[in-house]
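Colleague: I've got a structure open and I'd like to learn how to read it. Could you take me through it feature by feature?

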Amino acid sequence: MAALSHIRGLEDGTSEIRGVVLSSSANEKIVDGLRRGIGALFAGDREEHFVATPVISRRTSERAGYPTTFPQLLGAVHGSQDGDEPTATDLVLTSAACHHLYPLLAGKVLGAPTCLSVEATCYRGEKTYETGRLRSFRMYEVVRFGQAGAVEQWRDRALRSADQWLSGLGLSTRVVQASDPFFGRTGDFLARTQREQQLKWEITAELTEDLSQAIASANYHKEYFGEAFEITNTDGSETHSACLAFGLDRITLALRHAHGVDTSDWPLAVRANLAL
Ligand code: ATP
Ligand code: ZN
């Protein structure tokens, strides 16, 4: 592929634009294998899968609390329909895939536990650009709604099975407790609470010899989104929710780091698992 050697992308971690990469068809085969693998993991509980746009309504993002919690990461769409100076539109860039699911259930009473999944290209205005920290990346999320205890148990089970699947792909994973990097003094408080209540866990893996990143994260939101989107259980209580988010581009980078750039050299079991 000498003629295309000027095109760089996810494979070699470099790009003309920092944090924005181009994905080759060899890369997309891996991503497709990951999609199938995640689908198979959750085939038992998942009722429906969605593919979302890279943009979302500003109102939904606000209702999810993203612009106030992570103002530094949010990207917005500006435009001008009549050719004047561009101004903010009613759209922002998708920050987390699961945000697309909450409006679907807004105002509803859930008669039974509900499990949905969604993939979206997300944008985050990251400050640094180490390997795997992209500004535009694919996130595949599985989200479970229901009663408090059942949702927390699902999060624990989902995290365990995701970890087993990822280590089965030859990745040396670690499951670690985490907190979101909230802003400022209230942020410190929120991060501490999140850690104390063990709401967020990450599955990490090596992306380079001296860099590990979260390749998947599991969050128990408690009643946060139920309250924000007025989703209730039949007994009138607010629905609890949890999500398990897979970073498709980061998993791909971790696989390439573990097994090499050329997928034809990868261990047979891994190739079979991803249908490569
Ligand atoms: P990090 O701690 O690395 O900033 P995060 O805790 O903000 O990640 P989540 O919001 O939980 O991540 O996002 C879910 C998943 O999406 C992460 O586990 C990761 O695999 C992926 N992800 C998050 N941010 C990025 C990014 N900037 N580039 C590529 N993948 C990302
Ligand atoms: Zn989520």
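**Reading the model**

Modeller: Let's start with a helix: H8 is largely enclosed by the rest of the structure, because 10 of its 12 residues are buried. Buried means under 20% relative accessible area, exposed means over 50%, and partly exposed is in between (1.4 Å probe, protein chains only). Keep in mind that this is a predicted model, where local features need pLDDT of at least 70, side-chain atom pairs count only at pLDDT 80 or more, and totals for chains, interfaces and linings use all residues. Residues are numbered from 1 along each chain as its sequence is written, chains are lettered from A and ligands numbered from 1 in the order in which they are written, and side-chain values use heavy atoms, with hydrogens and water left out.

Colleague: Which residues of H8 are the buried ones?

Modeller: First, the labels: helices (H or I, at least four residues) and strands (E, at least two) are DSSP runs, numbered from the N terminus. The buried residues of H8 include Leu-248, Asp-249, Arg-250, Ile-251 and His-259.

Colleague: And how do I read the span of H8?

Modeller: The expected span of a helix is 1.5 Å times one less than its number of residues. H8 covers residues 248-259, and its first and last C-alpha atoms are 16 Å apart, close to the 16 Å expected.

Colleague: What should I know about phi angles?

Modeller: As a rule, most residues other than glycine have a negative phi. Lys-222 is not a glycine, yet has a positive phi of about 55 degrees. You'll find Lys-222 in strand E10, and at 28% relative accessibility it counts as partly exposed. Ala-275, not a glycine either, has a positive phi of about 55 degrees. Ala-275 sits in the segment after helix H9 (268-273) and is exposed, with a relative accessible area of 51%.

Colleague: On to the metal. Which residues coordinate the zinc ion (ligand 2)?

Modeller: Donors are N, O and S atoms within 2.8 Å of the metal (3.2 Å for Na, K and Ca); water is not among the atoms, so sites may look incomplete. Here the zinc ion is coordinated by Cys-98 (SG), Glu-141 (OE) and Cys-243 (SG), at 2.1 to 2.4 Å. The spacing of the donor residues in sequence is C-x42-E-x101-C.

Colleague: Are Cys-98 and Glu-141 buried or exposed?

Modeller: Cys-98 counts as buried at 4% relative accessibility, and Glu-141 is buried with a relative accessible area of 2%.

Colleague: What about ligand 1: which residues come nearest?

Modeller: A residue is near a molecule or strand if one of its heavy atoms lies within 4 Å of it. There are 17 residues around ligand 1, and Glu-126, Leu-134, Lys-200, Ala-214 and Ser-217 come nearest. By class, the shell has 7 nonpolar, 3 polar and 7 charged residues. Here Ala, Val, Leu, Ile, Met, Phe, Trp, Tyr, Cys and Pro count as nonpolar, Asp, Glu, Lys and Arg as charged, and the others, Gly among them, as polar. The largest share of that shell, 4 residues, comes from E10.

Colleague: Which atoms pair up with ligand 1?

Modeller: An oxygen atom of ligand 1 is 2.9 Å from an N or O atom in the side chain of Arg-124. A nitrogen atom of ligand 1 is 2.7 Å from a polar backbone atom of Leu-134.

Colleague: How do I read a polar contact within the protein?

Modeller: A polar contact is a pair of N or O atoms within 3.5 Å; within protein, one must be able to donate a hydrogen and the other to accept it, and residues adjacent in sequence count only if both atoms are side-chain atoms. Take Glu-126, in the loop between strand E6 (114-123) and E7: its side chain makes a polar contact of 3.3 Å with that of Arg-133. Glu-126 counts as buried at 14% relative accessibility. By its accessibility of 54%, Asp-235 counts as exposed, and a polar contact of 3.5 Å joins its side chain to that of Gln-147.
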